[in-house]
Amino acid sequence: MRIAVDAMGGDNAPKAIVLGGLKAAAERKDVTIMFYGDEEAIKAEIEGPTPENVEIIHAGDKILSEDDPVRAVRTKRESSMVMAARAVRNGEADALISAGNTGALLTAGLLVVGRMKGVERPALMAALPNLANIGDSVLLIDCGANAESKASYLNQYAVMATAYARAVLKKAAPSVGLLNNGTEENKGNDLTKEAFGLLKANDQINFTGNIESREILNGVSDIVVADGFTGNAVLKSVEGTAAAVMKLVKNAIMDGGISAKLGGLLIKGSLKELMTKIDLDQAGGGILFGVKAPVLKAHGSSNATSVFHTILQAVTIVESGIIEELATTFEKEMPVKKAE
């Protein structure tokens with residue numbers, strides 16, 4: 001298996017990307033990590049000889065965070081992201097990972113890797129911590145691929161996420177909830193009301209009704225379906241809240257005097273458990289579903305730990321065969337009218 005990694009994307013590139021990739025290469029020696037980017041900059045982050053299952057492919061350009069996504073993908077053909085995407089399209093790599101420009105990665109996935117036949121719009125899916133069950137995840141889809149959505153898109157998102165939960169998370173009948181401003185069936189705007197009807201009638205999923213945002217992390221639903229605009233806002237809110245909670249706890253202990261510090265020592269084990277529950281670095285990256293190969297978006301501020309888990313996540317997805325399963329599902333079982 002070969003994983004193409006955009007080594008120049010993200011706030012902490014290439015250092016965090018390379019270190020995370022090297023850790024993954026050490027963990028999975030049967031997997032080849034392909035770093036695309038400035039060869040000298042990548043080599044500078046590798047201590048000692050380059051591992052046998054690590055390859056460096058020089059890319060003379062990179063896509064910046066401020067670049068226009070479509071223009072950048074079309075004009076910066078020798079950028080690390082586009083070259084990595086091209087490797088996936090050509091069958092030289094099995095999956096693509098980048099912490100770079102989100103819009104550009106979505107564009108590269110759609111235009112270079114290619115959209116899956118039968119899929120109206122690809123969607124970005126993120127795994128959030130399930131606070132009711134340590135080690136479990138709540139899947140949020142779509143969390144940013146589409147600013148505008150149709151009910152039919154949300155219906156397809158539910159099928160994609162359900163297939164992933166079954167194949168990768170090993171859940172026999174994952175529950176699907178529709179993000180809404182109330183749990184009653186008649187709640188919401190025209191989009192959510194129409195989506196509710198489609199989801200309720202879809203016998204390929206286990207739809208359990210509407211879910212409010214405050215219940216997402218409580219594991220009320222295994223999968224939460226949303227339009228991309230709302231889903232992205234929820235994801236950013238969860239990320240910000242998790243960071244704020246840890247900061248508040250740390251400050252309360254450090255600034256609370258001797259008694260607070262002693263108390264902190266006594267509950268050290270519980271604090272570690274809390275950190276595990278809300279540590280988004282261990283959740284992996286967002287998955288772009290609806291394209292012909294796994295495309296994963298690591299957070300722009302990803303550290304080496306986050307990159308490591310995102311690469312292992314990509315490996316698991318490839319091994320599961322979920323992309324091939326979805327291709328069969330949408331091409332043969334769910335023919336759809338081409339999106340406008």
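Buried, as used here, means under 20% relative accessible area, with exposed meaning over 50% and partly exposed lying in between (1.4 Å probe, protein chains only). The structure is a predicted model, so local features need pLDDT of at least 70 and side-chain atom pairs count only at pLDDT 80 or more, while totals for chains, interfaces and linings use all residues. Residues are numbered from 1 along each chain as its sequence is written, and side-chain values use heavy atoms, leaving out hydrogens and water.

On the overall picture, the protein has 12 helices and 11 strands, taken as DSSP runs (H or I of at least four residues for helices, E of at least two for strands) and numbered from the N terminus. Of its 340 residues, 50% are buried. Take the contacts (heavy atoms within 4.5 Å) with a separation of 6 or more: 70% of them come from residues 24 or more positions apart. The protein exposes about 15900 Å², and carbon and sulfur atoms supply 51% of that; the areas come from the Shrake-Rupley method with a 1.4 Å probe, and for residues only the protein chains shown count as cover.

Now for the aromatic rings. A search of the whole structure turns up two aromatic pairs. Rings of Phe, Tyr and Trp (its six-membered ring) pair if their centres lie within 6.5 Å, and planes under 30 degrees apart count as stacked, over 60 as edge-to-face and the rest as tilted. Tyr-164 and Phe-289 have ring centres 5.6 Å apart and planes at 70 degrees, so they go down as edge-to-face. Because Tyr-164 belongs to helix α6 (residues 151-167) and Phe-289 to strand β10 (residues 286-289), this pair ties together parts 125 residues apart in sequence. Tyr-164 is buried at a relative accessible area of 5%, and Phe-289 is buried too, at 0%.

Phe-196 and Phe-207 also pair edge-to-face, at 5.1 Å centre to centre and with 80 degrees between the planes. Here Phe-196 sits in helix α7 (residues 190-201) and Phe-207 in strand β8 (residues 206-211), so the parts tied together are 11 residues apart in sequence. Both Phe-196 and Phe-207 are buried.

That leaves helix α1 (residues 15-27), where Gly-20 is found. Gly-20 is buried, with a relative accessible area of 0%. Setting aside neighbours within four places in sequence, Gly-20 contacts Ala-304, Val-307, Phe-308 and Ile-311. The C-alpha atoms of Gly-20 and Ser-302 are 9.5 Å apart, although 282 residues separate the two along the chain. Phe-308 turns up again with Lys-23, whose charged end sits over the Phe-308 ring, 4.5 Å from its centre (NZ of Lys or CZ of Arg within 6 Å of the ring centre and within 35 degrees of the ring normal).
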